[in-house]
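The notes below follow the order in which I looked things up.

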Amino acid sequence: MIGPRPWVASSSPLGTVQSARDADFERKLQTRPYASAGRRRVYKLERDDEQTSGHSSLKAVNADSVVSFKMFKALVSFAVVAASLQFANGAVIRRATCSDGRTTANAACCALFPILDDIQANLFDGGECGEEVHESLRLTFHDAIGFSPALTAQGKFGGGGADGSIVVFSDTETVFHANGGIDDIVDAQKPFIAKHNITPGDFIQFAGAVGVSNCPGAPQLQFLFGRPAPVQASPDLLIPEPFDSVDKILARFADAGFSPAEVVALLASHTVAAADHVDPSIPGTPFDSTPGHFDTQFFIETQLRGTLFPGTGGNQGEVESPLRGEIRLQSDSELARDSRTACEWQSFVNNQAKLQNSFKAAMAKLAILGHSANTLVDCSDIIPTPKPADSAAHLPAGLSHNDIEQACATTTFPTLPTDPGPVTSVPAVPPS
């Protein structure tokens, strides 16, 4: 060992003498009286630095000095422990500094900063929670849910999950009926993918997470980096349709590994969403009255009694909504009222924290379908921190608690204030 050797007793003659002296010193320490002058004095054993000399001496020192010395030793010990812990956790504490001066937990994540800047400026219109955010979030789901262990068990290709196949094999997948209109956002994202040399699977999930961060009240979503390129197109009929029954929707999600509660959590995406193709006569029609805010209004307004169609009506997958300018999907309406999901649906009303946490957890699961988290790099700290929620849960003006269609059999619907003013009419989400 480098440095002075610690003092130890020895079996050598010198060690025997030293031990005898130690015993004698201990006896003296216990029996010698305190000194005079009104101050308590104690004795300590001081050993020479040279261990081979065998010399030791008993010196009287002030009690205050001994206490100070002990405190000093304790502080030194604490500092050593703290330094050891910092060294042991160096991989967690240490951050990588990227070429532009920004820092991240892993140097591999530095490649994402230029992509972040580019899509915020040129895809999301300077960081807005607008149409491209809505469509990018939709794309994260439509790409990832193309994953079926049931098909794989039958010896068929079950899809690659969140692998970007919807971009690479767009000629095949964008013509699936469930993917109607999704070609617009696929075409919008392709140039960014080519420019930044990132795999489509990574880009789709990264753009979705970044886009959602532009919406006040949203959680900061997880992003794991390193998905390989897709190998083939996803099979058709794996994406639930708005006219599907609740049984069929829950079965499809169960095949992909999601519980009914997680299905409800994923549908929180509709709080910042709009429909372009359910009723082609009214593109950009939102699902709730606050499409620029990630809040609980979607879960409130889907439980209001439907009274009108915002456009032509009679469209497949659409049912009546409670407000002019707001569209309601058949699947959302039925999930809000089905006994398997109604109470979970209602539990999000005026519960922003649960909305954020449940959506974040469900999206983290969705975003790595077909992959192992152990093979990916956690770059979640690249995702911007969203602004806090700036809207309060409420009933739209002109409606009341009497308009709620109570569906949860065990818990009453929360009491909410009603917005003042004329009956609410919801404007369309403007195109970019």
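I took contact to mean heavy atoms within 4.5 Å. Helices (H or I, at least four residues) and strands (E, at least two) are DSSP runs, numbered from the N terminus. The model is predicted: local features need pLDDT of at least 70, side-chain atom pairs count only at pLDDT 80 or more, and totals for chains, interfaces and linings use all residues. Residues are numbered from 1 along each chain as its sequence is written, and side-chain values use heavy atoms, with hydrogens and water left out.

I began with helix α4 (residues 112-122). Its buried residues (under 20% relative accessible area, 1.4 Å probe, protein chains only) are L112, F113, I115, L116, D118, I119 and Q120. I found that they pack against β4 (103-104), α9 (183-196), α10 and β5 (224-225).

I next examined the pairing with α10. The axes (lines fitted to C-alpha atoms over the stretch in contact) come within 11 Å and cross at roughly 60°. From α4, residues L112, I115, L116, I119 and Q120 meet F203, F206, A207 and V210 of α10. I sorted the residues of this contact into eight nonpolar, one polar and no charged.

Technical notes. Axes are lines fitted to C-alpha atoms, for helices over the stretch in contact, and angles run from 0 to 180 degrees between N-to-C directions. Ala, Val, Leu, Ile, Met, Phe, Trp, Tyr, Cys and Pro count as nonpolar, Asp, Glu, Lys and Arg as charged, and the others, Gly among them, as polar. Buried means under 20% relative accessible area, exposed over 50%, partly exposed in between (1.4 Å probe, protein chains only).
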